[in-house]
Every structure is written in structure tokens, then in C-alpha cells.
Number of protein chains: 2
Amino acid sequence: LAQHFSTRRRPSGVKLSIGDDAAILSPNRQNWVWTVDACVEGVHFDWNWLGAEDVGWRSYQAAVSDIAAMGAKPVAALSSLALPADADTALWRGLARGQARAARALGCPIIGGNLSRAKQVSIHTTVLGSSEHPLRRSGAKPGDEIWLVGNIGLATAGLAVLQQVPEARRSAAMLACVRAWRRPKALVEEGLKLCHRAHAAIDVSDGVAGDMRHLSESSQVSVVLFEDELRQAILPKLTKVAAAMGHPLLDWVLFGGEDYALLAAGPTDSRPAFARRIGCVERGKNVWLELAGGERQIIGAAFDHFRPK
Amino acid sequence: LAQHFSTRRRPSGVKLSIGDDAAILSPNRQNWVWTVDACVEGVHFDWNWLGAEDVGWRSYQAAVSDIAAMGAKPVAALSSLALPADADTALWRGLARGQARAARALGCPIIGGNLSRAKQVSIHTTVLGSSEHPLRRSGAKPGDEIWLVGNIGLATAGLAVLQQVPEARRSAAMLACVRAWRRPKALVEEGLKLCHRAHAAIDVSDGVAGDMRHLSESSQVSVVLFEDELRQAILPKLTKVAAAMGHPLLDWVLFGGEDYALLAAGPTDSRPAFARRIGCVERGKNVWLELAGGERQIIGAAFDHFRPK
């Protein structure tokens with residue numbers, strides 16, 4: 001493990017990294033935020049559409065995204081890898097390289113882990129982060145705005161491109177979507193900046209509708225998303241791809257995950273420049289989509305006409 | 001996850017448990033020790049010999065044992081479970097119950113985790129512990145004694161009993177070995193007491209020979225195990241089982257793992273009452289077995305006559 005995940009300097013706050021029974025952390029007086037995320041072959045990814053390094057990269061960014069959504073700074077991670085006995089050395093190296101590159105890009109070193117055999121490739125990544133004031137899902141208040149940080153829909157569109165569009169016919173916009181799906185980035189800096197501005201936050205891993213439902217339930221509030229503001233938040237390249245593929249645009253935006261954008265709830269006068277308003281928080285329950293005409297629908301079963309056939 | 005791993009009171013030092021993107025820890029000024037351990041169906045366990053609750057229990061104790069071997073107090077854990085789509089509810093509940101019971105027995109709550117699908121059942125458990133002065137593998141010094149804390153050989157003998165002895169013919173001693181294999185216990189209290197007495201420690205998961213090799217390499221010393229002291233450390237019930245099964249006794253002791261005993265290196269006058277001397281540390285390298293007659297052998301290839309045929 002050590003040879004693949006080594007870092008030149010020992011990260012500050014880490015007293016002992018790979019090579020013993022456990023890693024040692026020497027924290028200060030801050031809160032430590034800690035998550036674990038799994039990425040399983042055939043369940044979370046398919047080798048038809050991803051290389052080993054992509055899988056390593058994505059799994060790491062997905063795990064760190066949970067830390068970003070807490071408004072915390074990722075400090076270190078452990079990686080538990082399971083690989084088939086007959087797996088290629090190239091596969092294992094690719095996974096480790098993808099994770100190590102993501103770790104460097106995020107300034108969050110892998111300080112330990114575990115290797116085992118299994119029928120399928122799987123990566124369980126656990127990440128610790130520190131935060132003075134962690135952002136939970138449960139703090140949204142009636143009167144708050146819903147903020148979108150980062151882009152949504154691109155990753156799911158990218159997967160659709162890989163599955164449905166022959167390589168020779170992929171436009172530049174389509175390739176950008178593929179890239180967004182293969183190489184997502186956890187929004188750590190943005191999460192940290194949300195910390196003293198937002199009341200609640202979550203990362204988009206299950207799609208805006210699903211993750212807003214989590215926030216609505218945790219905060220015991222109603223979330224209303226505005227169709228026109230959502231549409232304004234969509235990048236022109238996504239609009240192009242949806243048109244070229246004949247796919248309903250809002251479907252990718254509302255139900256597609258894996259972009260690892262952040263959604264937050266906070267008061268109007270605290271909204272940072274990098275956040276876009278896409279909705280508001282009210283008393284009540286459920287997640288609603290307010291259509292351009294003013295009509296409201298509960299997102300979920302009532303929204304099935306947006307779902308792909 | 002929350003419903004299976006809930007604890008009545010929020011553990012001290014834990015600000016937020018299951019239900020958000022990550023768990024929040026509020027530590028004091030201590031070192032945090034952090035490990036991850038995997039337990040995979042068909043690789044680390046076999047349903048022929050273990051129930052779901054046993055698997056949950058063992059996986060948790062194995063992970064915490066790494067913390068015990070650091071001389072640290074386990075504080076909390078996250079559990080990442082992967083299960084086949086067609087897995088029985090009873091299976092999933094059994095695993096969670098086994099983990100939750102081990103967590104209670106060890107005073108180390110599960111504060112988060114992840115659930116995913118996979119072809120095989122697997123459990124990746126990550127544990128954080130705190131320690132003022134963590135015990136590494138690398139501190140052994142020439143002149144130290146090698147200490148054994150807990151029992152060795154029982155667990156491997158227990159597995160051999162399950163595989164080779166029909167149920168009706170299992171003696172009380174054999175059943176004790178089976179129980180040792182199914183329900184190991186991480187030696188947390190003992191590990192904590194070793195903290196200011198030992199120079200180095202490791203838990204026995206790969207067998208004494210293998211784990212002493214890790215310690216010898218990390219500390220850059222030679223480890224000499226004394227056959228007569230090892231034999232004195234063997235419980236009478238293990239001797240009985242070995243005799244009944246016609247198995248070379250020292251084989252289970254030297255090469256069998258999964259008892260989660262602790263091995264430590266420290267000076268004679270620091271040895272606690274619960275630790276037994278089984279060897280010594282010298283300048284040099286390799287792990288040696290000093291036979292009762294005084295002759296020394298490198299353990300490993302040179303020791304093959306003790307291995308089962």
C-alpha cells in the first residue's frame with residue numbers, strides 16, 4: 001500500500017501514516033468530520049465506460065465530496081481496496097494512481113488502508129475532515145434560499161453519451177459531459193466558504209430531487225425549486241447535448257447525480273457570489289417544483305413524465 | 001443504517017452520528033488512531049462455519065484489534081457494508097446486530113457508514129481511537145523481551161474442528177476452540193496498559209510467525225521465540241485438541257491467526273502480570289525459533305516440517 005500512496009512529506013496533523021496497524025492523527029481543538037463511501041464494480045461503475053484511473057479518481061472525489069458538503073476541510077483518508085485474485089497489476093496500479101492523483105489535487109493524503117481479495121473490484125474510502133462549524137442537512141429554515149454551487153446534470157448526460165452515442169458522433173459538448181462524469185471534482189473550497197453563510201448543505205450524489213428530499217426531511221421544511229431559475233443555471237453545453245439526444249433537459253438536472261455539486265440553504269444577504277439561487281425554503285414538507293407558469297408539483301411520483309421511458 | 005446502529009445516548013466526543021454526509025468528532029488534544037479492515041465472504045469467512053451475527057462480531061473485533069495493538073482506546077467506528085441484491089433481511093440484520101453487539105461490548109459506537117450492493121457480502125470497518133502515546137511496531141529494542149497477551153492457536157484450531165470433526169464428535173475443548181474462532185475479543189484494556197510499558201506492539205492476525213516478522217522488519221531487529229516458553233503458554237485445552245486431531249501443536253500457535261492476541265516488546269522490569277514472556281529481541285534480523293535443545297531455526301521456509309501436509 002505504502003508504495004502506491006506515499007507522500008513526500010508527512011502531512012501536518014498526521015503522526016504516522018501507512019505501515020502500522022492504524023494511522024495516527026494529532027488534531028487541534030477542531031471538530032473532526034468523518035465519512036466512508038463505497039464504489040463497487042457493476043453497481044457504481046462499469047468498465048465499459050471508465051478506466052481504472054477514472055474509477056480511483058471518482059471514488060475518492062465522491063468520498064471527499066461528503067466532507068465538502070459538511071463545510072469541512074478534508075485532512076486525510078484511508079482506502080480499503082478489494083480486487084479479484086486474477087486482477088491485472090495495471091488495474092490495481094490504475095486505481096491507486098487515480099486515488100493518489102485525486103488525493104493530491106484535493107490536498108487530502110491517503111494515510112493508510114487495506115487490501116483484500118473479492119470477486120468484484122470495490123473501493124471503500126474513508127475520509128476525515130476538520131471544521132470549526134460543520135454544516136449539517138438539518139439547519140434549513142423557512143425563508144432561506146436554496147443555493148446551487150457547481151454544475152448539475154453534466155455527469156449523467158456524460159454517461160448517457162457513452163451509452164447511446166457512437167464515438168465518432170460525439171460533439172465537443174458531449175465530450176465535456178463525458179469528462180464531467182469521468183472526472184468530477186469535490187467542491188472543497190466552496191464548501192468551506194459556505195460554512196458561516198449557509199444554514200444547511202448537502203452534496204448532489206443522488207440527483208437534486210433526491211438530495212433536496214434528504215435536506216427537506218432532515219430540516220423538517222418544504223423545499224421549492226423554481227423551474228425558471230433551474231433552467232437559467234443549466235450550462236449551454238448541456239442544453240445542446242439534451243437537444244441533440246432528444247432528452248428532456250430537466251430530467252438530467254433533477255434526477256441525475258454524480259456531479260458532486262453542492263446544494264445549500266441560507267439567507268439572501270449571505271449568498272456568496274459563486275452560489276446561484278434555484279429555490280426557497282418554506283414551512284411544510286416535500287420537495288416541490290414551481291413551473292414557469294406558477295403551478296407547483298411534488299417532485300417524485302408526480303414528476304414521472306420527465307423521467308426517461 | 002441509523003435504525004440498526006443507533007445508540008441510546010450520544011457518545012461523548014461525537015457531535016453528530018448517523019444521518020448526515022459524515023460523522024462529527026470533537027476530540028481533545030489527544031492523538032487519534034485510525035484504521036480500516038475488510039471482511040469478505042469466501043475470502044475471510046465461509047457461511048458453512050459462521051452465522052451472520054458471528055461475521056458481524058468478528059469483523060468488528062478484528063478492526064478494533066488494530067486499535068488495541070496501538071495501545072489506543074477505540075472511540076468510534078464507521079461500517080461500510082456491501083450485500084447482494086437478493087440477500088435476506090435476516091442476513092443484513094444479523095451482520096448489523098453482530099457489529100452492534102461487538103460495538104457495545106467494546107464501548108466503541110458505530111457512528112456512521114454506508115450500504116451498497118455487491119456480488120459478495122463484505123464489511124469494511126473503519127475505527128478511530130485516541131491515545132496519548134500510541135504503540136508502534138517499530139519501537140522494539142535489542143534486550144527487550146517478547147510478550148504474549150491473550151491466547152494463541154485456539155481460533156485456528158476451532159476452524160480446523162469445524163472443517164474436520166463431525167458435530168457429534170466435538171469435545172468440550174473443541175467447542176471452546178470453535179467459540180474462540182467465532183467470537184474473538186480485541187484486547188483493548190490490555191493494549192492500553194501496555195502503552196507506557198512496552199516499546200512496540202502488534203496484534204496477531206496473520207499468526208505469531210508472520211506478525212513477529214512485521215515487528216522485526218519495522219523495528220530492524222531480530223526476534224527469537226523460545227519453544228519451551230511458547231509451549232508453556234499453550235492452554236491445556238488446545239493441547240488436548242491437537243492430540244485428538246493428530247495436529248502438530250506449534251503449527252497452530254505459530255501460523256494460526258485470528259485470535260487477536262497481542263504481541264509486544266518491552267524491558268523485563270516493565271512486563272505486566274497479564275503478559276507472558278515467549279521470546280527476546282536481539283540485534284540482527286529475521287524471526288527465529290529457539291528449540292528446547294538450544295538450536296535455532298529461522299521461522300518460515302526453514303520451519304516447513306511444522307506445517308500441515
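Mentor: Strand β10 of chain B, residues 262-266, is largely enclosed by the rest of the structure, because five of its five residues are buried. Please keep in mind that this is a predicted model.

Trainee: Which residues of β10(B) lie on one side, and which on the other?

Mentor: On one side are B:Leu262, B:Ala264 and B:Gly266, and on the other are B:Leu263 and B:Ala265. These residues are all buried, and both faces of the strand are therefore covered.

Trainee: Why do the residues of a strand divide between two faces?

Mentor: In a regular strand the side chains alternate between the two faces of the sheet.

Trainee: In which sense do β7 and β10(B) pair?

Mentor: Strand β7 of chain B, residues 145-149, pairs with β10(B) in the antiparallel sense, over five bridges. Within β10(B), B:Leu262 is the residue opposite B:Val149.

Trainee: And how many bridges join β8 to β10(B)?

Mentor: There are four bridges between β10(B) and strand β8 of chain B, residues 200-203, and these two strands also run antiparallel. B:Ala264 of β10(B) has B:Ala201 as its bridge partner.

Trainee: Is B:Tyr260 buried or exposed?

Mentor: B:Tyr260 has a relative accessible area of 9%, so it counts as buried.

Trainee: Now to chain A: what is the phi of A:Glu258?

Mentor: The phi of A:Glu258 is near 70°, again a positive value in a residue other than glycine. A:Glu258 is found in the loop between α10 (249-255) and β10 (262-266) of chain A. With a relative accessible area of 23%, A:Glu258 is partly exposed.

Trainee: May we turn to charges? How many salt bridges are there over all chains?

Mentor: The count over all chains comes to 22. As background, side chains of opposite charge can pair when their charged atoms come close.

Trainee: Which side chain does B:Glu53 meet at 2.8 Å?

Mentor: The side chain of B:Glu53 forms a salt bridge with that of B:Arg101, at 2.8 Å from N to O. B:Glu53 lies in helix α2 of chain B (residues 52-68) and B:Arg101 in helix α3 of chain B (residues 89-106), so this pair ties together parts that are 48 residues apart in sequence.

Trainee: How accessible are B:Glu53 and B:Arg101?

Mentor: B:Glu53 is buried, with a relative accessible area of 15%, whereas B:Arg101 is partly exposed, at 40%.

Trainee: What about B:Arg183 and B:Glu53?

Mentor: Their side chains meet in a salt bridge, with 3.8 Å from N to O. B:Arg183 sits in the loop between α5 (172-182) and α6 (188-194) of chain B, while B:Glu53 is in helix α2, so the pair ties together parts that are 130 residues apart in sequence. B:Arg183 is buried, with a relative accessible area of 18%.

Trainee: Which residues of chain A are linked in a network of salt bridges?

Mentor: The network links A:Glu53, A:Asp54, A:Arg97, A:Arg101, A:Arg182 and A:Arg183. Elsewhere in the list of salt bridges, A:Glu290 and A:Arg296 meet through their side chains at 2.9 Å, N to O. A:Arg296 counts as partly exposed, at 33% relative accessibility.

Trainee: Let us move to helices. How do α4 and α9 of chain A cross?

Mentor: The axes of α4(A), residues 154-164, and α9(A), residues 236-245, come within 11 Å and cross at roughly 35°. The crossing is left-handed. The contact is made by A:Leu154, A:Ala157, A:Ala160, A:Val161 and A:Gln164 of α4(A), together with A:Lys237, A:Leu238, A:Val241 and A:Met245 of α9(A).

Trainee: Which residues are buried in helix α4 of chain B?

Mentor: Among them are B:Leu154, B:Ala157, B:Gly158 and B:Leu162. The cover over the buried residues of α4(B) includes α5, α9 and α10 of chain B.

Trainee: Finally, how many helices and strands does chain A have?

Mentor: Chain A has ten helices and 13 strands. Of its 309 residues, 60% are buried.

How values were computed. Residues numbered from 1 in each chain as written. Chains lettered and ligands numbered in written order. Predicted model: local features only at pLDDT ≥ 70, side-chain atom pairs only at ≥ 80, totals over all residues. Heavy atoms only, no water. Buried < 20%, exposed > 50% of the residue type's maximum accessible area, 1.4 Å probe, protein only. Pairing = 2+ DSSP bridges. Salt bridge = Lys/Arg side-chain N within 4 Å of Asp/Glu carboxyl O. Axes fitted to C-alpha atoms, helices over the stretch in contact; angles between N-to-C directions. Left-handed = near helix turned anticlockwise from the far one by under 90°. Contact = heavy atoms within 4.5 Å.
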